[in-house]
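This report looks at the inside of one protein and at the spaces within it and on its surface. Please keep the structure in view while reading.

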Amino acid sequence: MTTSPLPPNTELSGRYRVQRLLAHGGMASVYEALDLQLHRQVAIKVLAAHLNGDAVFREKFLTEARVAAALNHPNLVNIYDQGQDGENTYLVLELVTGTTLRHVLDDFKTIDAIRAIELMEAVLDGLDAAHRAGIIHRDIKPENVLLADDGRIKLSDFGLARPVSAHTETESVIGTAAYLSPELVTRGQTDERSDVYSAGILMFELLTGRQPFQGESSSHVVAQHTSGSVPPPSRFRPEISEALDDLVLYATERDPN
């Protein structure tokens with residue numbers, strides 16, 4: 001198998017014509033493509049070739065489609081289809097033209113408190129819809145918040161999601177270290193409250209321009225989630241209100257209860 005990007009004009013299942021590479025990650029690559037049947041632009045997420053032959057990784061990838069396809073909410077990226085074409089296992093998603101919250105933070109470092117609240121309201125509205133449908137996201141972070149050119153705010157990438165009823169347990173910690181909940185670190189177990197914790201970390205970063213726990217390695221950062229407490233954002237930006245401090249500290253309590 002090759003890990004090279006799919007060339008332009010590659011057709012998947014005779015329906016989706018790849019046009020250009022949008023992003024590349026360790027688990028998948030994302031392309032802009034044309035749906036030849038419905039004549040609309042879509043995003044295609046293709047599982048990395050070196051993982052496609054592993055049934056466990058492939059099932060994890062397709063879980064994104066199964067758990068999220070039923071969700072229809074303005075603050076969630078819609079998943080339209082899934083398929084297999086030779087070596088390529090893929091998902092078809094709504095194409096969101098714009099940027100990510102990570103890119104905004106990279107450019108501006110911090111976000112005005114009012115705008116941060118607006119962004120978090122949209123993220124939490126989408127997350128609430130997922131939780132009501134029985135879905136845990138498990139990977140809340142700025143990279144997965146999309147800001148569309150038309151003003152829409154969408155939560156993406158349910159690739160690490162699991163049904164709430166499963167009370168997910170994993171042999172290894174999956175997710176981004178800076179946003180992991182303590183119970184995932186210590187017990188490999190998550191529920192809806194784990195997403196709330198990660199959302200609190202995200203809110204802290206929007207307000208302060210930094211993550212609350214930092215270290216030279218991911219293991220050092222992970223350990224701080226279980227032994228330390230998130231400081232109030234006003235420690236780094238004194239103009240932050242007490243109410244926002246309380247909100248962030250409430251969301252990021254180590255005890256999920």
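The text below covers confidence, nonpolar cores, pockets and cavities, in that order.

The model is predicted. The protein has an average pLDDT of 88, and 92% of the residues score at least 70. Confidence is highest in helix α8 (residues 242-251), with a mean of 97, and lowest in strand β11 (residues 162-163), with a mean of 60. Where pLDDT is low, the predicted coordinates should not be read in detail.

The largest nonpolar core is made of 58 residues. L101, I111, V145, F158 and L206 have the most contacts inside this core. Leaving aside residues up to four places away in sequence, I111 touches L101, V104, L105, A116, L119, L206, L207 and R237. Another core, of 11 residues, lies apart from the largest one, and its members include L6, V18, V46 and V92.

The next topic is the open spaces.

| Pocket | Volume | Lining residues | Nearest the centre |
|---|---|---|---|
| Largest | about 1000 Å³ | 35 residues | A23, V30, K45, S156 and D157 |

Which elements line the largest pocket with at least two residues each? They are β2 (16-24), β3 (28-35), β4 (40-47), α2 (55-68), β6 (88-94), β7 (98-100), α3 (101-108) and β9 (145-148). The largest share of this lining comes from β2, with four residues. By type, the lining of the largest pocket has 14 nonpolar, 11 polar and 10 charged residues.

In the second largest pocket, α4 (113-132), α6 and α8 each supply at least two residues of the lining. The lining of the second largest pocket divides into 11 nonpolar, two polar and two charged residues.

The structure holds two cavities of 30 Å³ or more. The largest cavity has a volume of about 70 Å³. It is lined by 13 residues, and R138, Y179, L180, L184 and S198 are the closest to its centre. Which helix gives the most to the lining of the largest cavity? Helix α6 (residues 192-208) does, with three residues. The lining of the largest cavity consists of four nonpolar, six polar and three charged residues. Helix α6 also supplies at least two residues of the lining of the second largest pocket.

Terms used. Residues are numbered from 1 along each chain as its sequence is written. This is a predicted model: local features need pLDDT of at least 70, side-chain atom pairs count only at pLDDT 80 or more; totals for chains, interfaces and linings use all residues. Side-chain values use heavy atoms; hydrogens and water are left out. A nonpolar core is a set of buried Ala, Val, Leu, Ile, Met, Phe, Trp, Tyr and Cys residues joined through side-chain atoms within 4.5 Å. Buried means under 20% relative accessible area, exposed over 50%, partly exposed in between (1.4 Å probe, protein chains only). Contact means heavy atoms within 4.5 Å. On a 1 Å grid over the protein atoms alone, a cavity is a set of points where a 1.4 Å probe fits but cannot get out, and a pocket is an open set with protein on both sides within 12 Å along at least five of seven lines; lining residues have an atom within 4 Å of a point. Grid points are joined across faces, edges and corners, and a volume is the space filled by probe spheres set on the points. Ala, Val, Leu, Ile, Met, Phe, Trp, Tyr, Cys and Pro count as nonpolar, Asp, Glu, Lys and Arg as charged, and the others, Gly among them, as polar. pLDDT is the predictor's confidence in each residue, from 0 to 100.
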